[in-house]
Every structure is written in structure tokens, then in C-alpha cells.
Amino acid sequence: VCVCVHVRVCVNVSVFSPVGRQGALDAAENGVANGSWIQHYGLENASLSVQYVNSLYWSVVTLSTVGYGDITPQSPWEKGWACFAIIVSSGWFAYMISSVVQVGARTSEMRRAYEFEIEDINRYLRQRKAPVDLRVRVEQFLHSRWQHEHRRNVEGSIDRLLTDALKEEVTYATMHNTLRH
């Protein structure tokens with residue numbers, strides 16, 4: 001991703017720089033508003049690093065789908081900070097999504113393991129000619145136990161992944177609903 005952004009930034013600066021591309025100057029002469037984004041923002045005489053940071057800001061905001069918003073950074077330092085914040089926030093968001101997906105995958109694995117155990121126990125009880133009502137009670141017990149373990153795992157994930165404030169809200173909402181019923 002970093003290499004992709006860097007290449008995109010370098011292309012933006014080199015292709016649209018009035019010094020690097022005669023076409024941008026020609027476009028300005030033919031009535032195209034300011035010729036290029038570099039001219040539009042008055043960066044023709046800015047250092048290459050300032051042009052780079054401006055292009056980096058545009059690339060990161062575009063690639064991350066954050067958008068351009070009403071409040072935008074103005075200085076190269078603000079734009080650099082915005083890029084850093086967007087990248088870190090996107091990484092954090094990806095981590096959170098990944099964690100939720102892992103919880104779902106772990107739950108599916110646990111469910112499959114539970115179903116295999118039930119199948120093995122039922123097969124064993126059938127082979128030993130255990131009464132049907134006993135087999136049903138065993139399966140109900142194991143199902144209840146699995147639900148309890150699953151609930152504990154979900155609660156552990158909530159405790160591990162959420163902030164204290166969100167945990168309080170979840171606890172209040174779930175206890176409120178439980179007490180109402």
C-alpha cells in the first residue's frame with residue numbers, strides 16, 4: 001500500500017507539475033482552470049517536498065475513502081498529520097473488523113467441533129443400545145453446555161475488544177432487556 005501511494009504521489013507531482021509537463025501549461029493557456037492541481041493550489045513555486053505532501057494527502061484521503069470533508073488541513077504539516085491519522089485509524093478499523101471476523105470464525109469452529117462430539121457420543125450410545133430418552137437427555141445437556149460456553153466466549157470477546165464505555169452500554173442494554181422479560 002505504501003509503495004502504491006508513493007508511486008501515485010510521484011506521478012501526481014511529476015505529471016502535473018508545470019515544470020515537468022508542458023501539457024499542464026498548454027491546458028492553462030487554453031482556458032482550463034489553472035491547468036493542474038499544483039497551479040490551482042498555487043504550489044508552482046513550492047518546494048518538491050510541499051508538493052509531495054499535498055499529493056500524499058490527496059492520495060491517502062482518496063485511497064482510504066475518508067473523503068475531503070468541510071474541514072481540511074491547510075499546511076503541509078497538517079496534511080502530513082492527517083495522512084498519519086487516516087492510516088493509523090484505517091489500520092485500527094481493519095484490526096477491529098478482523099477481530100470480529102475471528103470471533104465468528106472461532107464460533108463456527110467451536111460449533112463444528114460440538115457437532116462432531118455430539119455425533120460421536122450419539123453413535124457410541126446407539127452402538128451400546130442406550131435408551132432413546134437417555135440419548136435425547138444427553139444431547140440436550142450437551143447443547144445447553146455448548147450454549148453456556150459460547151456465551152462465555154462471546155462475553156470474553158466483548159470484554160477484550162470493547163472500551164469500558166461501550167462495555168457499560170452493552171451491559172446496561174442486555175441487562176435491561178433481560179430484566180424486562
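What separates Arg137 and Asp133 in helix 6? About one helical turn, as the two are four residues apart. The legends below describe close-up views of a predicted model.

View A. Arg137 is partly exposed, at 48% relative accessible area. Asp133 is partly exposed too, at 47%.

**View B. Glu119 pairs with Arg123 in helix 5.** The closest N and O atoms are 3.7 Å apart. Glu119 is partly exposed at 42%, and Arg123 is partly exposed at 34%.

**View C. Asp159 and Lys167 meet through their side chains in a salt bridge.** The N to O distance is 3.2 Å. Asp159 is partly exposed at 49%, whereas Lys167 is buried at 18%. Elsewhere, shared partners link Glu119, Asp120 and Arg123 into one salt-bridge network. The whole structure holds seven salt bridges.

**View D. Nine residues build the largest nonpolar core.** Among them are Val5, Val9, Tyr57, Cys83 and Ile86. Helix 1 (2-16), helix 4 (48-63) and helix 5 (76-127) each give two or more residues to this core. Val9 touches Tyr52, Ser55, Leu56 and Ser59.

**View E. Asn122 is a buried residue of helix 5.** Its relative accessibility is 13%. Asn122 touches Arg135 and Glu139.

**View F. Lys129 sits in the loop between helix 5 and helix 6 (132-161).** Phi of Lys129 is positive, near 60°. Most residues other than glycine have a negative phi. Lys129 is exposed, at 70% relative accessibility.

Note on methods
Residues numbered from 1 in each chain as written. Predicted model: local features only at pLDDT ≥ 70, side-chain atom pairs only at ≥ 80, totals over all residues. Heavy atoms only, no water. Core = buried A, V, L, I, M, F, W, Y, C linked by side-chain atoms within 4.5 Å. Buried < 20%, exposed > 50% of the residue type's maximum accessible area, 1.4 Å probe, protein only. Contact = heavy atoms within 4.5 Å. Salt bridge = Lys/Arg side-chain N within 4 Å of Asp/Glu carboxyl O. Lists of a residue's contacts leave out its neighbours within four places in sequence.
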